[in-house]
Amino acid sequence: MKYLIIGTGGVGGSIAGFLALAGKDVTCIARGKHLEAIRRNGLHLKSDLKGEHFLPVGVYTSEEFNGKADVIFVCVKGYSIDSIKDVLERASTPDTLVIPILNVYGTGLRIGHLVPNVNVLDGCIYIVGFVSGEGEITQMGNIFRMVFGARPEQGIAHERLNTIASELRACGIKVDVSDDINRDTFIKWAFISAMACTGAYHNVPMGEVQHEGEIRNTFIGLSRESAAIGRKLGVDYPEDPITYNLKVVDKLDPHSTASMQKDIARGHESEIQGLLLDMIKLGKQLDVEMPTYNYVLEKLKTFL
């Protein structure tokens with residue numbers, strides 16, 4: 001299969017690196033000095049799971065790419081989705097499957113409305129990955145888990161999804177094909193929202209969330225409020241969502257931070273809309289009390 005990665009940041013670059021290491025046919029979409037460095041030296045992967053490698057991969061701007069792909073991973077930030085419409089349409093065939101790997105809930109439907117003739121699934125990922133230099137991707141820690149699936153109305157054969165999952169597992173990525181992708185993407189959104197908002201509010205790495213005290217209590221409060229939203233939406237939690245969020249955050253590298261937190265600290269555009277404001281908006285619509293989210297907003301609204 002031919003794989004295309006749209007957005008070669010920490011997530012997309014890690015997926016591309018693991019695919020390339022396993023000898024898969026993978027092409028990347030990138031831009032600027034990051035793209036130039038990958039063309040010059042290859043994709044520089046620094047991975048706690050795979051070691052350090054310089055990997056020759058095809059890399060193009062979205063405007064340059066004119067090939068076709070069997071599987072497209074969309075790994076851009078939520079605020080960049082509208083910009084990828086043209087490349088998605090050019091790169092897709094009637095059999096192409098697009099798997100969005102974003103932090104924000106409802107992304108698959110949003111992209112599907114943007115490109116209605118393309119098969120857009122839904123997905124999410126658990127990983128600490130970031131751009132650590134021009135052309136350089138760092139994958140930190142032992143967690144690299146991807147979940148994807150089709151919505152019931154899409155009628156995508158389960159065998160097709162399992163074929164992709166098997167290839168990814170052979171590359172060293174833990175993969176689950178979801179039987180309820182709406183549930184799984186909401187659970188991921190709720191986790192990353194609590195993680196990113198806690199880290200940005202207190203300006204700390206995840207190690208500070210892993211100890212009892214005020215910072216961990218902020219994370220628990222955010223997790224409790226998003227769990228209440230999920231229950232109002234009919235999310236069928238396989239285990240207590242607060243316990244689950246704590247279990248995941250406690251497995252993260254203590255030095256890690258969420259990308260939203262990094263972007264805010266650098267003065268860059270961030271996912272604060274999707275991870276903070278959209279959660280609060282949904283809570284209001286569902287009449288869920290959100291005191292923790294609202295006091296986080298009071299501090300972070302200066303970054304809007």
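**Close-up views of a predicted model**

N203 is found in the loop between α6 and α7 (214-233). The legends below refer to a predicted model.

**View 1. N203, the residue that follows helix α6.**
The phi of N203 is positive, about 55°, although N203 is not a glycine. Most residues other than glycine have a negative phi. N203 has a relative accessibility of 60% and therefore counts as exposed, the cut-off for that class being over 50%. The helix that precedes N203 is α6, and α6 itself is mostly covered, with 21 of its 22 residues buried.

**View 2. G207, in the loop between α6 and α7.**
G207 has a relative accessibility of 9% and so counts as buried, since buried means under 20%. N203, in the loop between α6 and α7, is by contrast exposed at 60%. Along the sequence, G207 and H255 are 48 residues apart. In space, the C-alpha atoms of G207 and H255 are 6.1 Å apart.

**View 3. Helix α6 (residues 181-202), end to end.**
Helix α6 has 22 residues, which at 1.5 Å a residue should span 32 Å. Of the 22 residues in α6, 21 are buried. The residue after α6 is N203, with a positive phi near 55°.

**View 4. The crossing of α6 and helix α10 (residues 272-285).**
Two packed helices are described by the angle between their axes and the distance between the axes. For α6 and α10, the axes come within 9 Å and the crossing angle is roughly 120°. The range for roughly perpendicular is 65 to 115 degrees, and antiparallel requires over 145; α6 and α10 are therefore oblique to each other. The crossing in which α6 passes α10 is left-handed.

**View 5. D287, in the loop between α10 and α11 (291-300).**
D287 is not a glycine, yet its phi is positive, about 60°. The relative accessible area of D287 is 60%, so D287 is exposed. N203 likewise has a positive phi without being a glycine, at about 55°.

**View 6. The open sheet of 6 strands.**
The strand order is β5-β2-β1-β6-β7-β8, and the pairing is parallel. β5 (58-60) and β8 (119-120) stand at the edges with a single partner strand each, so one side of each has no neighbour in the sheet. In a regular strand the side chains alternate between the two faces of the sheet.

**View 7. Strand β1 (residues 2-6) and strand β2 (residues 25-29).**
β1 and β2 run parallel and are joined by 5 bridges. K2 has D25 in β2 as its bridge partner, and I6 is partnered by I29 in β2. Between β1 and β2 the chain passes through helix α1 (residues 10-21), and this β-α-β crossover is right-handed. In β1, 4 of the 5 residues are buried, so β1 is largely enclosed by the rest of the structure. The count for β2 is also 4 buried residues of 5, so β2 is largely enclosed as well.

**View 8. The pairing of β1 with strand β6 (residues 71-74).**
β1 pairs with β6 in the parallel sense, over 4 bridges. Within this pairing, the bridge partner of L4 is I72 in β6. In the sheet order, β1 stands between β2 and β6.

C28 stands opposite V59 in β5.

**View 9. R145, in strand β10 (residues 136-149).**
R145 has a relative accessibility of 24% and so counts as partly exposed. R145 and N119 are 26 residues apart along the chain, and their C-alpha atoms are separated by 22 Å.

Notes: Residues are numbered from 1 along each chain as its sequence is written. This is a predicted model: local features need pLDDT of at least 70, side-chain atom pairs count only at pLDDT 80 or more; totals for chains, interfaces and linings use all residues. Side-chain values use heavy atoms; hydrogens and water are left out. Buried means under 20% relative accessible area, exposed over 50%, partly exposed in between (1.4 Å probe, protein chains only). Helices (H or I, at least four residues) and strands (E, at least two) are DSSP runs, numbered from the N terminus. Two strands pair if DSSP finds at least two bridges between them. A crossover is right-handed if, with the strands pointing away from the viewer, the path from the first strand over the helix to the second runs clockwise. The expected span of a helix is 1.5 Å times one less than its number of residues. Axes are lines fitted to C-alpha atoms, for helices over the stretch in contact, and angles run from 0 to 180 degrees between N-to-C directions. Angles under 35 degrees count as roughly parallel, over 145 as roughly antiparallel, 65 to 115 as roughly perpendicular and the rest as oblique. A crossing is left-handed if the near helix is turned anticlockwise from the far one by less than a right angle, and right-handed if clockwise.
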